[in-house]
Amino acid sequence: MSDPAGVLLYTYGECVFRVPDDVQPPKAGSLLFCRHLTVRPGERVLEIGAGLGLAAVLAARAGARVVATDLLRLGDCYAPVTGERFDRVCSNPPQMPTAPGRERTDAAAAADNGGPDGWEMLDRVIAGAPAHLTAGGRLVFTIFAFLGCKAAFAKCETAGLAPRVVASEVQSFPRIGYERLDYLRTVDPEATLPRAGLPERVERFVIEGRLA
């Protein structure tokens, strides 16, 4: 819906957000992420790439002390929180594999483009998490099935995080053309995509990595 000035509004529960032109309203992955992001009152929570800030606002309403980077605390990945530690680090970053030379800069594309294999931002989030987590702290993020749960677990373990799947959900497959789908099949490490045709559904996972 829009307000009288024509600004797009997004409503979730009791919260109403004004959606800037360069920010997408939350999609299915963001909503899955928010439903399974559990925080306790008083915990320090960092959301990386917050966009509209839905998860950050919900965590704050639950009593957490929240820092949200992107448009709220401006900066790239962990740069705005150098030297700080948190009980929860969470992110639902762009993760759609994008063939080299096919990158776009419009808001819709920027919210999806995850680099050549989809891991461009996620790799940085996972690798940097231990330096920003308290002992026993947790990193929470989402991935599409075609990025590979085994790959996600291996990346977490390499970073010193003990991974587990918190939740999963079968969602509508993103609206992409056959050319992009053909590219996805070349970077699908666990062969989750059918070899022909346009898939109707895709599984999405919420993964947690715990720092010892």
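Which residues lie nearest the centre of the second largest pocket?

## The second largest pocket

Thr 98, Ala 99, Arg 102, Glu 179 and Arg 180 lie nearest its centre, out of ten residues that line the pocket. A pocket here is an open set of points on a 1 Å grid over the protein atoms alone, where a 1.4 Å probe fits, with protein on both sides within 12 Å along at least five of seven lines; lining residues have an atom within 4 Å of a point. The volume of this pocket is about 180 Å³. Its lining is made up of four charged, three polar and three nonpolar residues.

## About the model

This is a predicted model, in which local features need pLDDT of at least 70 and side-chain atom pairs count only at pLDDT 80 or more, while totals for chains, interfaces and linings use all residues. Residues are numbered from 1 along each chain as its sequence is written, and side-chain values use heavy atoms, leaving out hydrogens and water.

Let's turn to helix 5, residues 149–158, whose buried residues are Cys 149, Ala 152 and Cys 156. Seen down the helix axis, these buried residues fall within an arc of 60°, so they line one face of helix 5. Buried means under 20% relative accessible area and exposed over 50%, with a 1.4 Å probe and protein chains only. Helices are DSSP runs of H or I with at least four residues, and strands are runs of E with at least two.

On the face turned away from the buried side, helix 5 carries the exposed residues Lys 150, Glu 157 and Thr 158. The cover over its buried residues includes helix 4 (120–128), strand 7 (133–144), strand 8 (161–172) and strand 9 (201–211), with contact meaning heavy atoms within 4.5 Å. Just after helix 5 comes Gly 160, with a positive phi of about 90°.

Seven strands make an open sheet in the order 5-4-3-6-7-9-8, with mixed pairing. Strand 5 (73–74) and strand 8 are at the edges with a single partner strand each, so one side of each has no neighbour in the sheet. Two strands pair if DSSP finds at least two bridges between them. Strand 7 and strand 9 run antiparallel and are joined by seven bridges; Arg 138 has Arg 210 in strand 9 as its bridge partner.

## The hairpin

Strand 1 (residues 9–12) pairs with strand 2 in the antiparallel sense over four bridges, and Leu 9 stands opposite Arg 18 in strand 2. The two strands form a hairpin with two residues between them, and Gly 13 in the turn has a positive phi of about 60°.

How values were computed. Arc of directions from axis to C-beta. Points joined across faces, edges and corners; volume = space filled by probe spheres on them. Nonpolar A, V, L, I, M, F, W, Y, C, P; charged D, E, K, R; others polar.
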